[in-house]
Amino acid sequence: MELPEHVVGLPLEYEYEGRELTVNPCAVETDRGLLLLDVGPPGSVDELETGLAEAGFDLGDVTTVLLTHQDGDHAGALAAVQERTDAAAIASERAAAVISGREPPRGREPGDDRYPPARVDLELDGGATVRTRAGPARVVPTPGHTPGHLSVFLPDARFLVAADALTANEEGLQGPNPGMSEDMDVALESAGRLAELGVERTLCYHGGFVEAGNDRIAEVVRSARP
């Protein structure tokens, strides 16, 4: 992957409903340690640690975790990460309610089995900016996939961590997944705003790294609308 300097890709493989899937969290270096963007599903902390070691880091180097949203493939390993690090966790208010256990994950009822609840130290009600060695990391609200979904944009590198606001496949960068988005109209509005940021490269949680940005994002949004 041609990721920007100071950004580390951490692809994780796991099995879901009999299929082998790959998801793509990443980490960004800061002066205080690593900012980890999503943590993967339950049981993935050892694989996460291995990926960090291959990049020259320890799990203990993670000082902050930013969860893009509450789905188990993004937030399910947070409790395990917190057991082994002093990392602070950040999420949107809507996501934090699920991650912390105050509300059940979508599709579940109270009392159903779920991933282990975990602490969220800072609940965002909008955007934010985190200082990193790759430049400012802008946390951008991108609701639609879920109400509190977040993406992260590194303007100095023109690099977008889309999470599930966009997807990718063998044909390149694609729009949000209609089957997994709670409100597809809102998801397309969010994607349209991403096309205004100056993006040249994109990392999708499902599909990985793509050398594509504003023009392609705008194209997929136009093609998805009636």
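A salt bridge is taken here as a side-chain nitrogen of Lys or Arg within 4 Å of a carboxyl oxygen of Asp or Glu. The structure under discussion is a predicted model.

## Salt bridges

By that rule, the model holds ten salt bridges. One of them joins E182 to R106, with 3.5 Å between the closest N and O atoms. This pair links distant parts of the chain, its members being 76 residues apart. E182 sits in the loop between β14 (172-174) and α5 (184-194), whereas R106 belongs to the loop between α4 (93-99) and β8 (122-124). E182 counts as partly exposed because its relative accessibility is 45%; R106, at 30%, also counts as partly exposed.

A second pair is formed by D121 and R119, whose closest N and O atoms lie 2.7 Å apart. D121 has a relative accessibility of 42% and is therefore partly exposed. For R119 the relative accessible area is 41%, so this residue is partly exposed.

E219 forms a salt bridge with R216, the closest N and O atoms being separated by 3.2 Å. Both residues belong to helix α6 (residues 214-224); because they are three residues apart there, about one helical turn separates them. E219 is partly exposed at 39% relative accessibility, and R216 is partly exposed at 23%.

| Acidic residue | Basic residue | Closest N and O atoms |
| E182 | R106 | 3.5 Å |
| D121 | R119 | 2.7 Å |
| E219 | R216 | 3.2 Å |

Salt bridges also link E29, D31 and R133 in a network. In general, side chains of opposite charge can pair when their charged atoms come close.

Strand β2 (residues 12-16) pairs with strand β3 (residues 19-23) in the antiparallel sense, over five bridges. Within this pairing, L12 has V23 of β3 as its bridge partner. Two residues lie between the strands of the hairpin, and E17 takes a positive phi near 50°.

A patch of negative charge on the surface brings together E13, E15, E20 and E47. Among them, E20 is part of strand β3. Is E20 buried or exposed? Its relative accessibility is 59%, and E20 therefore counts as exposed.

Strand β12 (residues 159-163) is mostly covered, with five of its five residues buried. Cover is found on both faces: F159, V161 and A163 are buried on one side, and L160 and A162 are buried on the other.

Which strands pair with β12, and in what sense? Strand β11 (residues 150-154) runs antiparallel to β12 and is joined to that strand by three bridges. The strands β11 and β12 form a hairpin with four residues between them, and R158 in the turn has a positive phi of about 50°.

Strand β15 (residues 201-204) pairs with β12 in the parallel sense, over four bridges. In this pairing F159 stands opposite R201 of β15.

Definitions and conventions. Residues numbered from 1 in each chain as written. Predicted model: local features only at pLDDT ≥ 70, side-chain atom pairs only at ≥ 80, totals over all residues. Heavy atoms only, no water. Pairing = 2+ DSSP bridges. Buried < 20%, exposed > 50% of the residue type's maximum accessible area, 1.4 Å probe, protein only. Patch = residues over 30% accessible without salt bridge, like charges linked within 9 Å, V, L, I, M, F, W, Y side chains within 5 Å. Areas by Shrake-Rupley, 256 points an atom, 1.4 Å probe, with all protein chains shown as cover. Lys, Arg positive; Asp, Glu negative; His and termini not counted. Charge placed at Lys NZ, Arg CZ, Asp CG, Glu CD.
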